[in-house]
Amino acid sequence: MSKDNQVLEEITSKEYEHGWNVNLEADEAPKGLNEDTVRFISAKKGEPEWLLEWRLKAFSLWEKMTEPQWANVNHPPINYQEIIYYSAPKKKVTLGGLDEVDPELIKTFEKLGISITEQKRLTGVAVDAVIDSVSVATTFKDKLGELGIIFCSFSEAVREHPDLIKKYLGSVVPINDNYFAALNSAVFSDGSFCYIPKGVKCPMELSTYFRINAANTGQFERTLIIADEGSYVSYLEGCTAPMRDENQLHAAVVELYTMKDAEIKYSTVQNWYPGDKNGKGGIYNFVTKRGLCAGDHSKISWTQVETGSAITWKYPSCILKGDYSVGEFYSVAVTNNYQQADTGTKMIHIGKNTRSRIVSKGISAGKSQNSYRGQVHVMKRASNARNHSQCDSLLMGDQCGAHTFPYIDVENNSARIEHEATTSKIGEDQIFYCLQRGISEEAAVALIVNGYAKEVLNQLPMEFAVEAQKLLALTLEGSVG
Amino acid sequence: MLTIKNLQAKVAEKQILNGIDLKVNAGEVHAIMGPNGSGKSTLASVLSGREDFEVTEGSIDFKGKNLLELSPEDRAREGIFMAFQYPVEIPGVSTINFMKTALNQIREYRGLPSLDAVSFLQLMKERMNLVEIDQSLLSRALNEGFSGGEKKRNEIFQMAMLEPRLAILDETDSGLDIDALRIVANGVNKLRNKNNAIIVVTHYQRLLDYIVPDFVHVLYNGKIVKSGTKDLALELEAKGYDWIKNEVAVA
Amino acid sequence: MNSTITHKDLTDEVVASFQEATFGEATLNREKAIQFLKKNGLPSTKHEEYRFAPITKSLERNFTWRNEVSPSSIKSIDEFLIPSLDAYVLVFVNGAYSTNLSVVNNLPGGVKVKTLSEAFEHEKEIIDQYFDKLVASEADSFAALNSAFWQEGIFIHVPENISVEKPLLILHINDAHQTQVIAHTRILAVIENNSSLNVIEKFDSIGNNPVFNTLSEEFVVGEHASLEYCKTQNDDRLHQVANTVIHQSNSSQVNTFTLTLQGKVIRNNFNITIDGEHCESHFYGLYLLNGSTLADNHTVVDHRKANSFSNELYKGIMDGNSKGVFNGKIFVRPHAQKTNAFQSNRNIIISDSATVNTKPQLEIWADDVKCSHGCTTGQLDEEAMFYLRSRGISESIAKAMLLYAFAADVLTPIKNEALKSYLDGLIAERLHTHF
């Protein structure tokens with residue numbers, strides 16, 4: 001017990017390694033939210049009238065909504081009037097390559113251990129880097145352009161591809177979908193847009209690194225990815241935020257749209273600032289992610305490794321509308337100290353012969369609360385739907401909690417739905433076995449946890465998997481129960 | 001009794017059988033051998049009427065009837081018995097109740113009256129001895145928690161109960177130790193007579209030491225590439241399947 | 001969850017119908033419950049816990065609210081008894097306890113079975129200690145409704161070291177020949193240390209008018225004591241909300257079985273608090289539904305102490321337009337280390353228009369535990385079907401055999417042979433006549 005406490009102590013006293021400030025001058029909106037804020041953001045970005053109208057409509061809907069209370073999380077009320085809804089780095093730059101990127105930024109990425117240059121050299125990842133809401137650098141654009149792939153910041157897409165934006169924005173997550181989606185729709189700052197044309201398999205992994213930088217800046221990203229018939233894309237999203245004492249709100253919306261025979265693979269590694277060991281500070285991450293398998297034989301696969309944020313409220317979902325469409329959700333969520341995670345997925349089976357698979361691995365340590373919340377809904381006409389869900393929880397220490405809230409709603413008699421959930425701890429015999437082979441206790445825990453999460457980590461692209469493994473180990477070092 | 005002509009079949013879009021011709025007469029024992037993935041079990045499954053297998057070409061005639069038009073239960077009622085490689089476990093259904101239902105449904109199909117409880121139990125006791133199976137096993141739920149050997153013995157017990165015209169033994173020897181193999185083979189041999197026929201599907205020659213076949217066929221890539229007598233099995237055992245593969249490649 | 005959505009008008013109507021009534025017992029509890037009810041109202045389907053159980057709506061449609069015991073002409077209970085079951089029989093008719101029809105002779109020494117009104121007069125100490133302490137009348141509106149307006153109930157007390165061998169059969173008979181029936185009944189059973197009790201409850205209606213029943217029952221199970229509990233709901237007129245609450249102390253054993261075959265809207269709230277170490281508990285349930293029956297089983301297994309074991313298995317077969325709902329919560333509180341808690345919910349949907357909604361829920365605050373839940377919805381095992389058919393058994397008989405095997409499995413823990421064969425018969429009858 002004392003040994004455990006000591007180890008826990010060590011771990012919890014570890015400072016957040018990614019906590020630093022980058023000295024970029026911000027161009028901020030005044031605090032608070034009203035119609036003028038919305039107009040300010042829209043004007044600042046030089047948006048067309050229809051988009052301003054769309055934002056204003058979202059704002060008026062949001063005003064009438066109330067913050068959802070059903071999630072298994074607790075936090076002091078958020079004062080939406082204390083948040084700065086727009087902040088852009090002052091240097092307005094249009095870049096053709098990495099050499100033109102602000103060296104400060106490059107350093108930032110290097111501190112994260114995921115430098116763009118390195119990635120570019122080693123893996124050919126195209127990066128749309130986002131710092132405080134405005135996309136600063138987009139690389140590999142030309143190469144992708146040759147294939148007809150559009151990969152750019154959301155603002156640029158609004159300017160250059162208004163027809164696509166107009167057609168698909170809000171088509172998967174309607175503006176009134178939920179409180180946070182409505183908020184995002186009203187004040188979203190920037191984000192990424194991606195369109196893969198018919199029959200094109202995107203030859204490289206597309207990647208965005210989000211960072212939340214200026215103090216008190218709510219970050220409202222908007223991502224829209226469209227995969228046209230027979231196309232394929234793998235998209236990576238990574239997030240880190242520097243240490244702040246005040247909680248920061250993040251309410252992103254991600255929309256995925258796949259047409260016939262298309263596939264989108266969306267991977268996230270999230271290690272935003274989780275707050276200190278006393279539960280002070282940290283990001284509130286209230287994200288709406290949803291994919292629509294619109295066409296027959298289309299597929300959407302979500303993979304997430306969630307290690308950060310003080311509060312995570314996130315349910316990447318799939319609407320399986322096309323016949324034979326496939327939805328997947330692979331998740332590892334780790335919570336430590338006072339972190340709270342309420343995450344999971346929704347698989348909505350509408351088309352015939354649709355299949356979904358859910359693998360969720362929750363790991364709780366410290367005084368954290370980790371919840372899986374998921375829904376599998378087989379609609380009346382969705383004959384021959386299949387789902388398999390596996391939700392496992394690992395508890396480390398006797399101060400934390402693991403919760404599972406699966407909703408299974410079946411309206412068709414040909415459905416086959418299986419849900420399994422287990423709870424376990426790291427066995428003392430497992431640890432001892434490792435120790436006897438000369439492995440340190442910390443390494444043993446990392447080893448066992450990685451093994452536990454392997455099914456999910458295996459879904460990640462290589463370079464992401466390595467980072468994710470490091471993060472898991474970092475979050476949990478020594479937390480043996 | 002059984003005539004298979006140019007049988008072609010696929011499962012999940014994958015072509016497995018590529019034109020099988022086989023004739024089996026009453027009183028005969030045929031062994032079907034072949035390397036893994038050659039289509040042996042698929043042939044057995046098609047004969048028993050498994051729905052995941054789609055017959056794309058060819059015909060199967062059984063006692064003058066088109067077998068492919070019959071449901072699995074009607075095939076059983078016509079006298080086809082499949083001893084499964086992996087007999088399924090069915091919790092909550094006792095073997096005794098299961099056999100009684102099966103036997104009486106088959107009798108009904110053949111226009112015979114149902115067996116009453118006493119005659120059924122009598123028949124069961126008699127047949128149990130054939131395969132040295134214990135009654136306590138039969139009172140339990142079907143195959144639930146049975147060892148590999150017990151499951152196979154239960155299959156042969158059911159064969160003894162239902163007295164099929166054509167029995168297909170699908171890899172019945174797999175997972176059996178030498179004693180269990182002997183018991184199972186003895187049971188089968190006792191059931192052999194001039195009116196019935198047996199198809200033994202197996203990977204190894206071992207079982208054929210006990211159930212001696214009249215004909216041996218080698219299946220490779222979904223076709224019968226060689227037929228012979230029991231000596232062919234011994235030759236295979238000595239030379240291995242590569243010999244056949246090479247011969248096919250040369251041809 | 002925080003926002004209770006109210007059916008204000010109905011609630012007011014219900015409360016008003018009792019305005020004139022005077023209740024002798026538990027006045028304080030009743031007032032509290034009325035306050036809760038007035039504040040929270042009866043739940044609509046927007047209430048998280050009643051998402052799939054439109055009970056309130058159904059009450060609005062089918063009942064008029066009057067505070068009176070419906071008249072009955074029942075003279076004999078023979079048709080409601082369980083064949084060859086040797087039991088003490090307690091009979092409620094339209095919510096009123098019938099001394100004439102009940103047969104409670106020769107109870108073992110010291111065992112008390114009496115009406116709650118009598119108990120309030122003569123057993124004040126035990127009543128004060130336990131009555132209305134377990135049931136969630138400050139969390140659930142229907143529990144509050146019952147706590148506010150219960151008409152009559154049974155008090156059972158088994159003193160230490162007494163094993164009540166014969167089961168206690170409680171018949172809830174509703175005679176809806178002349179008018180609708182609304183009945184709120186209650187049971188309090190206290191089983192002291194080293195004692196045991198077997199309770200069987202059965203619900204039957206006659207006549208064609210609608211029947212609504214709330215039932216709140218509290219079982220206190222002492223150390224090394226045991227409770228066998230069985231409830232059968234096989235009454236096609238019944239609207240029912242049953243709150244069954246069991247409290248277990250160290251080394252106690254509880255086995256429960258809930259069988260739902262018929263009813264309009266049936267809601268079972270089944271809460272077990274395992275407040276002791278080395279307890280063993282099995283909670284089984286089966287819902288075989290057809291027609292337009294809605295059966296909603298909400299269970300809570302709350303492990304508060306270390307070293308106990310619980311196993312929950314609920315199965316359902318849905319036919320016709322029926323709806324099966326299962327919501328099973330397992331809580332393992334901090335310090336309830338070495339808990340083994342298992343839950344399984346298996347469903348088969350037979351018809352095109354039946355549905356199932358299930359939510360198995362695990363909440364764990366202790367790390368050295370073994371907990372799991374599994375939940376499936378599907379059809380019969382295709383491999384098993386093929387195996388049976390390949391032996392010459394027709395598809396329809398194979399299906400019936402497998403369905404019966406699937407269902408009857410849940411009867412395993414029932415020890416009383418007469419009861420078991422009665423339940424087995426009900427299941428067989430339902431499955432064979434229907435397939």
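Predicted model: local features only at pLDDT ≥ 70, side-chain atom pairs only at ≥ 80, totals over all residues.
## Interface of chains A and C

C:Glu382 and A:Arg416 are joined by a salt bridge in which the closest N and O atoms are 3.4 Å apart. Across the interface of chain A and chain C, the rule finds two salt bridges, and the count of residue pairs in polar contact, both at pLDDT 80 or more, is 24. On the side of chain A that touches chain C, strand S23 (401-410) and strand S24 (416-425) of chain A are the elements that give two or more residues, and S23(A) gives the most, with 10 residues. By class, that side of chain A divides into 12 nonpolar, 14 polar and eight charged residues.

In terms of contact, 34 residues of chain A meet 39 residues of chain C, and the two chains bury about 2900 Å² between them, 44% of it on carbon and sulfur atoms. A:Tyr407, A:Asn413 and A:Arg416 together supply 21% of the area that chain A buries against chain C, which is more than any other three residues supply.

## Interface of chains C and B

Here 17 residues of chain C are in contact with 31 residues of chain B, and about 1900 Å² is buried between the two chains, 63% of it on carbon and sulfur atoms. C:Phe386, C:Tyr387 and C:Arg391 account for 39% of the area that chain C buries against chain B, more than any other three residues.

C:Arg391 also takes part in a salt bridge with B:Glu155, with the closest N and O atoms 2.7 Å apart. Helix H7 (382-389) and helix H8 (395-408) of chain C each supply at least two residues of the side of chain C that touches chain B, and the largest share, six residues, comes from H7(C). That side of chain C has nine nonpolar, three polar and five charged residues.

## Salt bridges within chains

Over all chains, the structure holds 48 salt bridges. One of them joins the side chains of B:Glu171 and B:Lys40, at 3.7 Å from N to O. This pair links distant parts of the chain, 131 residues apart, with B:Glu171 in the loop between strand S9 (166-170) and helix H7 (178-191) of chain B, and B:Lys40 in helix H1 (residues 40-48) of chain B. Both B:Glu171 and B:Lys40 are buried.

In chain C, the side chains of C:Asp409 and C:Lys315 meet in a salt bridge at 2.9 Å, N to O. These residues lie 94 residues apart, C:Asp409 in the loop between H8 and helix H9 (417-434) of chain C and C:Lys315 in strand S15 (residues 309-318) of chain C. C:Asp409 is partly exposed, at 34% relative accessibility, whereas C:Lys315 is buried, at 7%. Another pair, C:Asp236 and C:Arg237, forms a salt bridge at 3.2 Å, N to O, and C:Asp236 is partly exposed, with a relative accessible area of 35%.

## Cysteines

A search of the whole structure finds zero disulfides over all chains. A:Cys202 is in no disulfide, and the nearest cysteine sulfur, that of A:Cys194, is 6.5 Å away; A:Cys202 is buried, with a relative accessible area of 7%. A:Cys391 is likewise buried, at 2% relative accessibility, and because its sulfur is 11 Å from the closest cysteine sulfur, in C:Cys375, the distance is too far for a bond.

How values were computed
Residues numbered from 1 in each chain as written. Chains lettered and ligands numbered in written order. Heavy atoms only, no water. Contact = heavy atoms within 4.5 Å. Buried area = accessible area lost by both parts, 1.4 Å probe. Salt bridge = Lys/Arg side-chain N within 4 Å of Asp/Glu carboxyl O. Helix = DSSP H or I, 4+ residues; strand = E, 2+ residues; numbered from the N terminus. Nonpolar A, V, L, I, M, F, W, Y, C, P; charged D, E, K, R; others polar. Disulfide = S-S within 2.5 Å. Buried < 20%, exposed > 50% of the residue type's maximum accessible area, 1.4 Å probe, protein only. Polar contact = N/O pair within 3.5 Å; in protein donor to acceptor, adjacent residues only side chain to side chain.
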